[in-house]
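User: I am new to this structure and would like a close look at one part of it. Please put that part in the setting of the whole chain.

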Amino acid sequence: MTDASALPGQPRGGVLSGPATARAVNVLAPNASAMTLDGTNTWIVAEPDSDLAVVIDPGPLDDEHLRRVLATAEQAGRRVALTLLTHGHPDHAEGAARFAELSGTRVRALDPALRLGEEGLTAGDVITTGGLELRVVPTPGHTADSLSFHLPADRAVLTGDTILGRGTTVVAHPDGRLGDYLDSLRRLRSLTVDDGVHTVLPGHGPVLDDAQGVVEYYLAHRATRLAQVETAVEDGYRTPAQVVAHVYADVDRSLWPAAELSVRAQLDYLEEHGLI
Ligand SMILES: [Zn+2]
């Protein structure tokens, strides 16, 4: 989900469908909308020369898309060995059970309700499939169950909806919390600064090649919005809807319901920190 509140100077990227790094290929789902940008990015990740692949976020329940994901892996000589979810929103996870059925794989996710098979996913887990290494990075905030996957060999991170290829994401109150989200952005920044990650493979929108710049932009954007919300409250805008109409006046009205979730998360944060 996006709140589409892009600021000038936002980084731009490329690759919407097809190979993005040495190990990651995107199959774009046909579910484009204001909230999902060009559609959901379904990622097939594999070690070069390996016959095993991992699929991250099968996407919506669309048989044609799910079969295209399988065919893309098979055409590269690979069998899908595992399905992972970045979080439980339907545009990422709704097709997971059907995809697991088509591919004969297990589904691993943070939320037990989304799993198929015994194994879950927790912070610090390292997935090793066919020589591929993916490190599980907890990134709650967009939702409580949001995860990112660090792909060290490609100096890349798959971010789900925590960072998008365009615009900024929604903190989906009440499940998503702003304090968690800011901590998650700082965790991703440390991946870029300390671990050399330079590519963001997002859940929607194009691939971004300046990971640190993107994270800094997201942190700056959140700080700007938070200050605007704080000022709006001080100026007498009281309800979340009033704050949205004032602070998000420049954003298309179709996105206001999503913006209201982010505003509710920001109001909670400001109250918890004694700022309003
Ligand atoms: Zn989402």
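What follows is about helix α5 and its packing with α4 and α6.

Analyst: The model is predicted: local features are given where pLDDT is at least 70, side-chain atom pairs count only at pLDDT 80 or more, and totals for chains, interfaces and linings use all residues. Residues are numbered from 1 along each chain as its sequence is written, and side-chain values use heavy atoms, with hydrogens and water left out.

Along the principal axes, the C-alpha atoms fill a box of roughly 60 × 35 × 35 Å. Of the 276 residues, 54% are buried. Buried means under 20% relative accessible area, exposed means over 50%, and partly exposed is in between (1.4 Å probe, protein chains only). Contact means heavy atoms within 4.5 Å. Among contacts between residues at least 6 apart in sequence, 65% join residues at least 24 apart.

Now the helix itself. Two packed helices are described by the angle between their axes and the distance between the axes. Axes here are lines fitted to C-alpha atoms, for helices over the stretch in contact, and angles run from 0 to 180 degrees between N-to-C directions.

One partner of α5 is helix α4, residues 178-194. The two pack at an angle of about 155°, with their axes 9 Å apart. α4 and α5 are therefore roughly antiparallel to each other. By angle, under 35 degrees counts as roughly parallel, over 145 as roughly antiparallel, 65 to 115 as roughly perpendicular, and the rest as oblique. The crossing of α4 and α5 is left-handed: this is the term if the near helix is turned anticlockwise from the far one by less than a right angle, and right-handed if clockwise. On the α4 side, the contact is made by L178, Y181, L182, L185, R186, L188, R189, T192 and V193. On the α5 side, A211, Q212, V215, E216, Y218, L219, R222 and L226 take part. By class, this contact has 11 nonpolar, 2 polar and 4 charged residues. Ala, Val, Leu, Ile, Met, Phe, Trp, Tyr, Cys and Pro count as nonpolar, Asp, Glu, Lys and Arg as charged, and the others, Gly among them, as polar.

Another partner is α6. Helix α5 covers residues 211-234 and helix α6 residues 240-247; their axes come within 10 Å and cross at roughly 120°. α5 and α6 are therefore oblique to each other, and their crossing is right-handed. From α5, the residues in contact are R225, Q228, V229, A232 and V233; from α6, they are V243, H246 and V247. This contact has 5 nonpolar, 2 polar and 1 charged residues.

L226 is buried, with a relative accessible area of 13%. Leaving out residues up to four places away in sequence, L226 touches L178, Q266, Y269 and L270. Of these, L178 belongs to the α4 side of the helix contact. Q266 is 40 residues from L226 in sequence, while their C-alpha atoms are 6.4 Å apart in space.

On the way into α4 there is a backbone feature. P174 is found in the loop between β10 (156-160) and α4, and the peptide bond from H173 to P174 is cis, with omega near 5°. Most residues other than glycine have a negative phi, and most peptide bonds are trans. Two residues elsewhere in the chain have a positive phi although they are not glycine: L37, at about 55°, and D49, at about 75°. L37 lies in the loop between β2 (24-28) and β3 (41-45) and counts as buried at 14% relative accessibility. D49 sits in the loop between β3 and β4 (52-56) and is exposed, with a relative accessible area of 81%.

Definitions and conventions:
Helix = DSSP H or I, 4+ residues; strand = E, 2+ residues; numbered from the N terminus.
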